[in-house]
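Please consult the sequence and coordinates alongside the text.

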Amino acid sequence: MLHEIMTRRSVRAYLPKPVSRADIELVLQAGALAPSSKNRQPWHFTAALGAAKEEALAAMNQGLEEEIRRPLLPESAQYLGGAKRTLAIMRQAPAVIFVTNPLGLDPRQILTTDQRIFELCNAQSLGACLENMTLQATALGLGSLWICDVYFAYDALCGWLGSQGTLAAAMALGYAAETPPSRPRKPLAELVEWKE
């Protein structure tokens, strides 16, 4: 597994080659096997291919245009250009997986302390799920990109997804048309404090 961890990359260019349903299912199974707080398993997957993927990306584009006019995330306007580039990357990938949290609370509501802890635990669980998915994709020789820019089109994408819960993230999946270099990491000596 260390090999997959060391060779996993965020892929932003894909070949026009379909990914088999069997491989997509293996990626989804890896996500579903992730550890989760209180075993709540706060995930639901929508695998978008072909025409359905185009519908989802049209919804995302519509959401991005709406975000320009009436921002849900006004402090994040500087990142909208990056979200548009992410949309172009998603168009290249043969598959896009949307991950929703069926237990999630509306991100605009004010949370009680209990609700905030519940949401934080679910967010950690979803992170484990998405990491498992990226590592399984790497093991299968696929490229992937864990996408958070879907928040800029939250309402439009939730409308397309229907009542599957709150939108957590998306993942582009396909055969890589690039080999990104590894990005620098802090040395372990800077990250660890030993107490004995």
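The points below are grouped by topic. The model is predicted. It holds 9 salt bridges, and a nonpolar surface patch of about 470 Å² is made by Met1, Leu2, Ile5 and Met6.

**Helix H5**

- Helix H5 spans residues 113–139 and comprises 27 residues. From first C-alpha to last, H5 reaches 39 Å, close to the 39 Å expected at 1.5 Å a residue.
- The buried residues of H5 are Glu119, Asn122, Ser125, Leu126, Cys129, Leu130, Met133, Thr134, Leu135, Ala137 and Thr138.
- These buried residues pack against helices H1 and H2 (21–32), and against strands E1, E2, E3 (143–147) and E4.
- Gly141 follows H5 and has a positive phi, near 80°.

**Helix H6**

- In helix H6 (residues 154–161), the buried residues are Tyr154, Leu157, Cys158 and Leu161. They lie on the same side of H6 because they cover an arc of only 100° around the axis.
- The cover over the buried residues of H6 includes helix H3 (50–69) together with strands E1 (44–49), E2 (95–101) and E4 (166–174).
- Gly162 follows H6, and its phi is positive, near 85°.

**Salt bridges**

- Side chains of opposite charge can pair when their charged atoms come close.
- Lys53 forms a salt bridge with Glu54, with the closest N and O atoms 3.8 Å apart. Lys53 counts as buried because its relative accessibility is 6%, under the 20% limit. Glu54, at 37% relative accessibility, counts as partly exposed.
- A network of salt bridges links Lys53, Glu54 and Arg91.
- Glu66 forms a salt bridge with Arg69, the closest N and O atoms being 2.9 Å apart. Glu66 also forms one with Arg70, where the corresponding separation is 2.8 Å.
- Arg69 and Glu66 are 3 residues apart in helix H3, so about one helical turn separates them.
- Arg69 is exposed, with a relative accessible area of 56%, and Arg70 counts as exposed at 62% relative accessibility. Glu66 is partly exposed, with a relative accessible area of 27%.

- Met1, one of the residues that make the nonpolar patch, is placed in the segment before helix H1 (2–7).
- Met1 counts as exposed because its relative accessibility is 64%, over the 50% limit.

Methods: Residues numbered from 1 in each chain as written. Predicted model: local features only at pLDDT ≥ 70, side-chain atom pairs only at ≥ 80, totals over all residues. Heavy atoms only, no water. Patch = residues over 30% accessible without salt bridge, like charges linked within 9 Å, V, L, I, M, F, W, Y side chains within 5 Å. Areas by Shrake-Rupley, 256 points an atom, 1.4 Å probe, with all protein chains shown as cover. Salt bridge = Lys/Arg side-chain N within 4 Å of Asp/Glu carboxyl O. Helix = DSSP H or I, 4+ residues; strand = E, 2+ residues; numbered from the N terminus. Buried < 20%, exposed > 50% of the residue type's maximum accessible area, 1.4 Å probe, protein only. Arc of directions from axis to C-beta. Contact = heavy atoms within 4.5 Å. Expected span 1.5 Å × (residues − 1).
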